[in-house]
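Open the model in your viewer and keep the sequence panel beside it. The tour below goes from one selection to the next and says what is there.

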Amino acid sequence: MVTTAKPELPHWNMTVVYPSLDSPEFEQGFSHVVGSIDDLARLFDEHNIGKTERKPLNDATVRTFETIVKRVNEVLSEAFTLGAYIRSFTSTNSRDNLAQAKLSELQNSMVLLSQLSTRLTAWIGSLNMEELLNRSQVAADHKYMLEKAKKEATHLMSPSEEALAAELNTSGGSAWGKLHNNVTSQLMVPIELDGERKELPMSVIRTLAFQPDREVRRKAYEAEIESWKGVAVPLAAALNSIKGEVNTLSKRRGWDSALDEAIFDANIDRQTLDAMMQAAHESFPDFHRYFHAKARLMRIEKLAWYDLFAPVGKTEHVWEYPEATRFIVEQFGTYSGKMSDFAKRAFDEDWIDAEPRPGKRDGAYCMWLRNDESRVFANFKPSYDSMSTVAHELGHAYHNYVKSHRTMLQKSTPMTLAETASIFCQTIIQNAALKDAGREEQISILEAALQDSSQVVVDITSRFLFESRVFEARKQRELSVDEFCQLMVQSQRETYGDGLDENALHPYMWAVKGHYYSTGLSFYNFPYMFGLLFGLGLYAQFQQDPEAFRTGYDDLLSSTGLADAATLAARFGIDIRTPDFWRASLGIIREDIDRFEVLIRG
């Protein structure tokens, strides 16, 4: 009998930056970046960047502005590349002590860089913006950044307070976030499978939610919940500290709430958020209908939490990694050769770390590395869902690719718009996979898509409600582990409704999601919903007029740091401040639910 070994899953290639963390080249590069940041600080001091006294704009001020912006862009690029290189080791192996030490060392310099960014914002706020834009092409090229900085400057504390806040973040919010990452990535979970008692990394335990055997899923769910209980106290301390810090700083900076600050950072307004959330709440009955249909297909009365990701339908496609890569390259080509060639390059040059392993954190993400290169982090298993995830993350990488000619200050993209390309690419893959699939395989593919959509609309709303309530309660006092769990379950019941067994929810989802544990990423949740629905709306326009769409799409992606979301959407005739656009995008998902129900009826 001949056995075929499963193909090895790739690790990303970072040697194009430095040979290794302990190489002389890395030490030289590290010292260069630290020195560049120190030099930038001296340049700021020399030109009094951060002073807020208003003075007439003269030629010297314009020259200073252009010198500062040029150097800031250069230093940001160098620092981000170095940070991405180091994080490529800490995220794939949190036990890498050298990487952890270097990341900690770099963070000290990043504090200084953050302080310089705040000083630049304050200084921009003191300049005559209209005159500067008229006299400097560099200013005109960075117009949106300057206008946003002008507004942000009105929400800054005093220079000394802002400097202290940035410095304390290393031992405050940032340290609590690192604690969460280290604890969760190193958490080993006891579980009995096939009569054997073993310990598996939490990232592996969570992938068991995709197993076809319901008993395996139930055991994994119960083992996961029990393990979260064991680390809940330090994680609750971390969450309390982070949300308390954000509340304090938001108030001191004159924001009405942490949410208002997050909306500003997302390049949208409250009217847009309210319109989208209204449409989302209206769509919940459709998602409940999907949950009930899946339960019928599984021949159970009602889904438990551990059934949300259960595979349904039958497919002959195992989607091993080599086949997944070929399919992505081929289907991206149905949109453009440029996108297809880009994906092939990413695979050929080993931009992707796909293998789950101990010490590697859970989930998937894409990070910009340098120039037009990114790196994709994934925990791949042979399934359509994992292939779809890789396509999604490559969408982020394509977004980075088409804006690579922009400066660092022009590239800054809010999370609301950061999901645009990823959703678009994921939708290309879904529609292609459905095209030639039989009934059972269509069920499987639609199920994977509806899993994602329900997570991004229903579950994201539960997380938004949870975070809103935590921020409000945290104004009064710290919350206990039990209170965090109660708020999480309350929010899940309100969004999942009767679609799930209310006695089998996930009270520790607040411990699972690393996004909660960042002082700079409050209310991370609603931007994902924005990204899904905005991406679907754009894909619908592509289907209506492919050629016209192609002429403007890459330019839209390259401009996501150059205008607010409403302005960019208007290029395609979209008004995001009313519920109608969001309802239309949700209507695309409703059609998938309708099709799913028809298919399961046979």
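How many bridges join E3 to E5, and do these strands run parallel or antiparallel? There are 2 bridges between E3 and E5, and the two strands run parallel. Two strands count as paired if DSSP finds at least two bridges between them. The names are DSSP runs numbered from the N terminus: helices are H or I runs of at least four residues, and strands are E runs of at least two.

Before going on, note that this is a predicted model, in which local features need pLDDT of at least 70 and side-chain atom pairs count only at pLDDT 80 or more, while totals for chains, interfaces and linings use all residues. Residues are numbered from 1 along each chain as its sequence is written, and side-chain values use heavy atoms, with hydrogens and water left out.

**Stop 1**

Select residues 352-353 for strand E3, 365-370 for E4 and 373-377 for E5. Together they form an open sheet of 3 strands in the order E3-E5-E4, with mixed pairing. E3 and E4 stand at the edges with a single partner strand each, so one side of each has no neighbour in the sheet.

E4 and E5 run antiparallel and are joined by 5 bridges. Here Met367 stands opposite Arg375 in E5. The two strands form a hairpin with 2 residues between them, and Asn371 in the turn has a positive phi of about 45°. E4 is mostly covered, with 5 of its 6 residues buried. Buried means under 20% relative accessible area, exposed means over 50%, and partly exposed is in between (1.4 Å probe, protein chains only).

**Stop 2: Ser374**

Stay in E5 and select Ser374. Is Ser374 buried or exposed? Its relative accessibility is 0%, so Ser374 counts as buried. Show the residues around it: Ser374 touches Trp351, Cys366, Met367, Trp368, Leu369, Ala397 and Asn400, leaving out residues up to four places away in sequence. Contact here means heavy atoms within 4.5 Å. With Asn400 there is also a polar contact, side chain to side chain, at 2.8 Å. A polar contact is a pair of N or O atoms within 3.5 Å; within protein, one must be able to donate a hydrogen and the other to accept it, and residues adjacent in sequence count only if both atoms are side-chain atoms.

**Stop 3: the nonpolar cores**

Select Ile328, Leu394, Trp510, Phe526 and Ile576. Of the 149 residues in the largest nonpolar core, these five touch the most other members. Helix H10 (residues 214-252) gives the most to this core, with 14 residues. A second, separate core has 50 residues, among them Val33, Val75, Met367 and Leu409. A nonpolar core is a set of buried Ala, Val, Leu, Ile, Met, Phe, Trp, Tyr and Cys residues joined through side-chain atoms within 4.5 Å. In soluble globular proteins, nonpolar side chains tend to be buried together.

Next, centre on Leu394. Apart from neighbours within four places in sequence, its contacts include Ile328, Phe332, Ile352 and Val376.

**Stop 4: Lys243**

Go to helix H10 and pick Lys243. With 1% relative accessibility, Lys243 counts as buried. Which side chain makes a polar contact with that of Lys243? It is the side chain of Glu467, at 2.8 Å. A polar atom of the Lys243 side chain also lies 3.0 Å from the backbone oxygen of Tyr516.

**Stop 5**

Select Thr90 in helix H2 (residues 59-90). Thr90 counts as buried, at 6% relative accessibility. A polar atom of its side chain lies 3.3 Å from the backbone oxygen of Arg87. Thr90 is also in contact with Ala99, Gln100 and Leu103, setting aside neighbours within four places in sequence.

Then select helix H6 (residues 143-153), where Tyr144, Met145, Leu146, Lys148 and Ala149 are the buried residues. They pack against several helices, including H2, H3 (97-125) and H16 (408-411).

**Last stop: the whole chain**

Zoom out. The chain has 25 helices and 5 strands. Buried residues make up 57% of its 602 residues. Along its principal axes the C-alpha trace spans about 75 × 55 × 55 Å.
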